[in-house]
Amino acid sequence: MVLNWKLGGVLLGLVFFLAVLLVKPIGVSTQFVILDGILWNAADPSVVVQTEDGAYTSTNAYLAKSSGKYAKSVSEPMNYSFVFVIAMMIGGFLSAMARGGVSREEQKMPAIWRANFGGSTGSRFLATFVGGFIVLYGARLAGGCTSGHMMSGMMQTALSGYIFAAGAFLAAVPTAMFLFREEG
Amino acid sequence: MVSILLALLIGGAFGAVLDRIGASNPNYIGNMLNLKNLHLMKTILLAIGTGSVLMFAGQMLGLVDVGHMSVKTAYVGVFVGGLLLGFGWALSGYCPGTGLVAAASGRRDALAFIAGGLLGAAAYMATYPAVESTGMLDAIAGGKVTLGAVPGAKYEGVTALPGDVLGIALGLAFIVVAILLPERITGEADPVAAE
């Protein structure tokens, strides 16, 4: 079972507070771009280049934007934000193991999907693949995701965080109400 | 490297907490978004409120560096991207951070989410110049702005209200909403599927 909302909410809030106290607000979705850049640059080393003055840039306009901020992270993956995301996965793994792990049935697909769409792993995997594509395209268009815009943004009273949250819930709630009639 | 150690510490704690509150479990996400079980919504609202009150109170006491704030630009694409993310979040049950945590916790459907996500991010990298040319990324309402003017911050305020006091007030409002929000507003009171 999950943590009670009172304890869970305070713990999650403390993590977001610690991040901004010690370093900077939490964000995740940029690291999908950085990993793409790392893979692309490994296949074609001309993608990210260092200029004579030591700055980084890229043949890709998105990696090159903001004075090559993303291009630099691609060339130096041992940076705070990238390691943060890897550590997040390690933390999630250890936490799941400590509570006995996710059941085999759930590993294949969540109960709510099975209750509404049956047990075909093919359709579930197609849905999460398409969902992942749309989520990351949307997150990069928005300039952040649930962590960076909604949690970190609204916590800082950022106007952009409120705009993002309005869009996200406006689409998510009707979609979920349409798709998931059964609770699972 | 201190920053790498902090990344390991804060990132690790973040992943563990996401796992424990059910945010990386699509059952809790689906039942929250279809408004049948708002337990996770209460957790999220309380977290935003707690973080906000601690950060702004810390700033007022001089314990938190205002320079650590990082406010993102407001533009039309934030709303459009939010709509897209919301649709994909509901469909898959994952958002970028929770999808990665779910995969690490053993959920295999989350691997397909990550593969789709890497492709979606690459598609944005490829289409970025075209998106930019639409003007959808141009700053609106002042761009990098907070709702009030935060003392010492490099961001303008949408209003002239003191941003730190407003931040605490809004933080408390989030906490009150978290407390008042019922866990269930529709559907019968059957338990959420256990893992």
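## Helix 1 of chain B

Helix 1 of chain B contains 20 residues and reaches 28 Å from its first C-alpha to its last, close to the 28 Å expected at 1.5 Å a residue, where the expected span is 1.5 Å times one less than the number of residues. After helix 1 of chain B comes Gly22(B), with a positive phi near 90°. Helices here are DSSP runs of H or I with at least four residues, strands are runs of E with at least two, and both are numbered from the N terminus.

This is a predicted model, in which local features need pLDDT of at least 70 and side-chain atom pairs count only at pLDDT 80 or more, while totals for chains, interfaces and linings use all residues. Residues are numbered from 1 along each chain as its sequence is written, and chains are lettered from A and ligands numbered from 1 in the order in which they are written.

## The two chains

Chain A has nine helices and two strands, and its elements run α-α-β-β-α-α-α-α-α-α-α from the N terminus on. The C-alpha trace of chain A spans about 60 × 40 × 35 Å along its principal axes. Of the 184 residues in chain A, 54% are buried, a residue being buried if 20 or more other C-beta atoms, placed from the backbone, lie within 10 Å of its own, exposed if 12 or fewer do, and partly exposed in between. Among the contacts in chain A with a separation of 6 or more, 48% are between residues 24 or more positions apart, a contact being a pair of residues whose C-beta atoms, placed from the backbone, lie within 7 Å.

Chain B has seven helices and two strands, which follow the pattern α-α-α-α-α-α-β-β-α along the sequence. Its C-alpha atoms fill a box of roughly 45 × 45 × 40 Å, taken along the principal axes. Buried residues account for 59% of the 195 residues in chain B, and residues 24 or more positions apart account for 58% of its contacts with a separation of 6 or more.

The contact between the chains takes 111 residues from chain A and 114 residues from chain B. On the side of chain A that touches chain B, helix 7 (residues 121–142) gives the most, with 18 residues. That side of chain A divides into 75 nonpolar, 28 polar and eight charged residues, where Ala, Val, Leu, Ile, Met, Phe, Trp, Tyr, Cys and Pro count as nonpolar, Asp, Glu, Lys and Arg as charged, and the others, Gly among them, as polar.

Leaving out residues up to four places away in sequence, Phe16(A) touches Ile26(A), Met151(A), Ser152(A), Met155(A), Ala47(B) and Gly51(B).

## Domains of chain A

Chain A is assigned domain 1 (1–101) and domain 2 (105–184), with bounds that come from an automatic or database domain assignment. The C-alpha centres of these two domains of chain A lie 20 Å apart. Their contact takes eight residues from domain 1 of chain A and 11 residues from domain 2 of chain A, and the side of domain 1 that touches domain 2 divides into six nonpolar, two polar and no charged residues.

## Helix 5 of chain B

Helix 5 of chain B (residues 96–104) is mostly covered, with nine of its nine residues buried; among them are Pro96(B), Gly97(B), Leu100(B) and Val101(B). These buried residues pack against helix 2 (30–43), helix 4 (80–98), helix 7 and helix 8 (146–155) of chain A, together with helix 1 (2–21) and helix 6 (109–133) of chain B. Gly106(B), with a positive phi near 110°, follows helix 5 of chain B.

Most residues other than glycine have a negative phi. Thr157(A), which is not a glycine, has a positive phi of about 60° and is found in the loop between helix 8 and helix 9 (159–179) of chain A. Thr157(A) counts as buried because it has 30 C-beta neighbours inside 10 Å.

Leu35(B), also a residue other than glycine, has a positive phi near 65° and is found in the loop between helix 2 (26–33) and helix 3 (39–60) of chain B. Leu35(B) counts as partly exposed because it has 15 C-beta neighbours inside 10 Å.

Note on methods:
Contact = placed C-beta atoms within 7 Å.
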